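This report describes the packing of one protein chain. The sequence and the structure are shown first, and the description follows.

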Amino acid sequence: MAETTGRIVGAFTASHSPGITAWPERAEPAKREAVESAFTEVRRRIDELAPDAIVAVSVEHFTNFHLGNLPAFAVATSDSYLGPVTEEMGEFLNVAQRQYPGHSALGRHVYEFALQSDFDPALVEGGLEFDENFCVPFKHLDPESKHPLVPIIVNGVNPPWPTVSRCHDFGRMIRRAVEAQTAAQRVVVVATGGLSHWVGLPESGKVNEEFDRDFIARFESADESRLLDYTAEEIDAAGNGAHEIRTWLVAAGAVQVPFDVLAYEPVPEWLTGTAVAAARL
């Protein structure tokens, strides 16, 4: 029997911040319950989808890359990834250090397909280590690390950033890549980052709820003309950390359907506007 090509069977997005796992009790109980219930629902849906691999899209916080080498996009192709990067970070995040499984065949294919599609991501064949970018959301979404990952890093932490439309196009490329291979039949996309927050600045702890709710409305609509109508300066109004919404735009490009936001809570105690969403696939 001929092998069938892969397809994206689910896509989800979520904020990440150390507070979600390290000090969840500081949030108002109703807000914590709303966010954790949404994570639980997404975990249930991912398990039900039984993916062969998860394409995991996030930023990274100078754990692997630095100002002397800061790619706009990077694709990792390893069999496993250490996270959190140190035991001390694990204690800080309240996430046990472990090896997360990787899907190297799909990662290699996505990288090569990106080059053929006029993208030039960095290739990370080994040594990529996780910080809160993946460790925090996956503590809720895959606590047993059952699903192999293809980590993709988007620069959402330091200017100049890739444009929002470029991030959306990168997501479209991911979908075409998944559909052009047979190594992973059922693929889920999980993107993490944002929403409004300030990192390492005096405004840290503020949340721009107006920005967050406007972004959510655009994200749920799947109206690309609205979703991609952002300048860097407009995103700056929601903090330097708000540029992590680029990861959500990658997920939107990968599926091009509306999303349902399962929870949104402005949580200054966690230092970020916190949301969890699922694509209507």
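Residues up to four places away in sequence aside, V55 touches L106, V150, I152, I174, V187, V188, V189 and V190, where contact means heavy atoms within 4.5 Å. The model is a predicted one, in which local features need pLDDT of at least 70 and side-chain atom pairs count only at pLDDT 80 or more, while totals for chains, interfaces and linings use all residues. Residues are numbered from 1 along each chain as its sequence is written, and side-chain values use heavy atoms, with hydrogens and water left out.

V55 and F215 have the most contacts inside the largest nonpolar core, which comprises 53 residues. Helix α10 (residues 245-255) supplies the largest share of this core, eight residues. A second, separate core of 38 residues includes W23, V35, V124 and F134. A nonpolar core is here a set of buried Ala, Val, Leu, Ile, Met, Phe, Trp, Tyr and Cys residues joined through side-chain atoms within 4.5 Å; buried means under 20% relative accessible area, exposed over 50%, and partly exposed in between (1.4 Å probe, protein chains only). Helices (H or I, at least four residues) and strands (E, at least two) are DSSP runs numbered from the N terminus.

## The sheet

Eight strands form an open sheet in the order β6-β3-β7-β2-β8-β1-β10-β9, with mixed pairing; two strands pair if DSSP finds at least two bridges between them. Its edge strands are β6 (122-124) and β9, each of which pairs on one side only. On average, and with direction ignored, neighbouring strands of this sheet are turned by 20° against each other. Strand β2 (residues 53-58) runs parallel to strand β7 (residues 149-154), and five bridges join them; A56 has P151 in β7 as its bridge partner. Helix α6 (residues 164-178) packs on the sheet, touching β1 (7-14), β2, β3 (73-76), β7 and β8 (186-192), and its direction makes about 25° with that of β3.

Strand β9 (residues 259-267) is mostly covered, with seven of its nine residues buried. Eight antiparallel bridges pair β9 with strand β10 (residues 272-279), and V261 has A277 in β10 as its bridge partner. Four residues lie between the strands of this β9 and β10 hairpin, where L271 takes a positive phi near 75°.

Helix α10 is mostly covered: 11 of its 11 residues are buried, among them W248 and G253. Just after α10, Q256 takes a positive phi of about 55°.

The axes of helix α7 (residues 209-221) and α10 come within 12 Å and cross at roughly 10°. Axes are lines fitted to C-alpha atoms, for helices over the stretch in contact, and angles run from 0 to 180 degrees between N-to-C directions. The crossing makes α7 roughly parallel to α10 (angles under 35 degrees count as roughly parallel, over 145 as roughly antiparallel, 65 to 115 as roughly perpendicular and the rest as oblique). F211, F215 and F219 of α7 meet I245, W248, L249 and A252 of α10. This contact of α7 with α10 has seven nonpolar, no polar and no charged residues; Ala, Val, Leu, Ile, Met, Phe, Trp, Tyr, Cys and Pro count as nonpolar, Asp, Glu, Lys and Arg as charged, and the others, Gly among them, as polar.

## Helices α2 and α5

Helix α2 (residues 29-49) and helix α5 (residues 132-141) have axes that come within 8 Å and cross at roughly 70°, which makes α2 roughly perpendicular to α5. In this contact, E36, F39, V42 and R43 of α2 meet P137, H140 and L141 of α5. By class, the α2 and α5 contact has four nonpolar, one polar and two charged residues.
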